Amino acid sequence: VVTAAVLAGAPLWVAALTWCAESLVSAMVQLYSLRTVAPPRRWTALITRWRASRLLAFGAPFLLGASMSQLFLRLDRLLLAEWMPVRDYGHYAVGMQLVDVWLQVAIILGIAIGPAFMYERVRTARSWRDHLPIALGLAAVGLVGLLGAVLLGGPVLRLVFGPGFE
């Protein structure tokens with residue numbers, strides 16, 4: 001839809017509206033997936049004030065961070081494309097494409113594993129120390145990504161985009 005809107009010369013708000021539609025589709029898919037947990041008629045009985053407050057306190061920082069990263073990436077590209085010289089923006093956009101790949105891996109992992117982990121941890125955690133192994137695991141994933149970027153960054157840039165972007 002974004003490509004069609006751009007090719008048709010549609011105003012920018014049309015592309016922004018597609019991102020809102022993307023969120024709506026995601027929400028509908030997640031609601032549909034709740035059917036595996038319980039039938040819809042039981043959902044209200046499963047949502048207690050205590051459970052909702054615990055899950056919200058646990059998940060809100062993650063959701064806020066994920067939302068802010070997506071907002072930044074989208075605003076960043078829209079604004080910089082208008083204000084930077086084309087060549088400089090091209091170099092910036094190339095680097096950001098590679099960052100996007102790593103960010104998408106993190107989002108996929110977070111969406112795939114996050115809810116199951118969150119529900120289990122909220123139920124069993126006794127203190128913040130119970131989260132230390134997971135925090136260390138996430139740090140290890142980040143370090144592996146950093147190491148990969150340091151060791152493979154030049155060759156990957158050369159392979160994907162040519163020697164001019166290295």
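**Close-up views of a predicted helical model**

**View 1. The kink in helix α6.** Helix α6 is kinked by about 60° at L152, shortly before the proline P155. The model is predicted, and helix α6 covers residues 132-161. Three residues of α6, G145, G153 and L157, are buried. After α6 comes G162, which has a positive phi near 95°.

**View 2. The nonpolar surface patch.** A nonpolar patch on the surface is formed by L98, L143, L146, L147, V150, L151, L152, V156, L159 and V160. Together these residues have about 990 Å² of accessible area. Helix α6 is the main contributor to the patch, giving nine residues. The patch member L152 is also the site of the kink of about 60° in α6.

**View 3. W102 and G145.** W102 belongs to helix α5, whereas G145 is one of the buried residues of α6. In sequence W102 and G145 are 43 residues apart, but their C-alpha atoms are 7.6 Å apart in space. The relative accessibility of W102 is 41%, between the limits of 20% and 50%, and W102 is therefore classed as partly exposed.

**View 4. D100 and W19.** D100 is in helix α5 and W19 is in helix α2. The C-alpha atoms of D100 and W19 are 16 Å apart, with a sequence separation of 81 residues. D100 has a relative accessibility of 18%; buried means under 20%, so D100 counts as buried. For a second pair involving W19, the C-alpha distance to W128 is 36 Å, and W19 and W128 are 109 residues apart in sequence.

**View 5. Helix α4 along its length.** Helix α4 takes in residues 49-83, which is 35 residues. G59 is itself buried, as are L73 and D76 of α4.

**View 6. Confidence along the chain.** The mean pLDDT of the protein chain is 81, and 93% of the residues score at least 70. Where in the chain is confidence lowest, and where is it highest? Confidence is lowest in helix α5 (residues 86-124), with a mean of 75, and highest in helix α2 (residues 12-33), with a mean of 86.

Note on methods. Residues are numbered from 1 along each chain as its sequence is written. This is a predicted model: local features need pLDDT of at least 70, side-chain atom pairs count only at pLDDT 80 or more; totals for chains, interfaces and linings use all residues. Side-chain values use heavy atoms; hydrogens and water are left out. Helices (H or I, at least four residues) and strands (E, at least two) are DSSP runs, numbered from the N terminus. The expected span of a helix is 1.5 Å times one less than its number of residues. Buried means under 20% relative accessible area, exposed over 50%, partly exposed in between (1.4 Å probe, protein chains only). pLDDT is the predictor's confidence in each residue, from 0 to 100. Patches are made of residues with over 30% relative accessible area and no salt bridge: like charges are joined within 9 Å, nonpolar side chains (Val, Leu, Ile, Met, Phe, Trp, Tyr) within 5 Å. Accessible areas come from the Shrake-Rupley method with a 1.4 Å probe; for residues, only the protein chains shown count as cover. A salt bridge is a side-chain nitrogen of Lys or Arg within 4 Å of a carboxyl oxygen of Asp or Glu. The bend at a residue is the angle between axes fitted to the seven residues ending there and the seven starting there.
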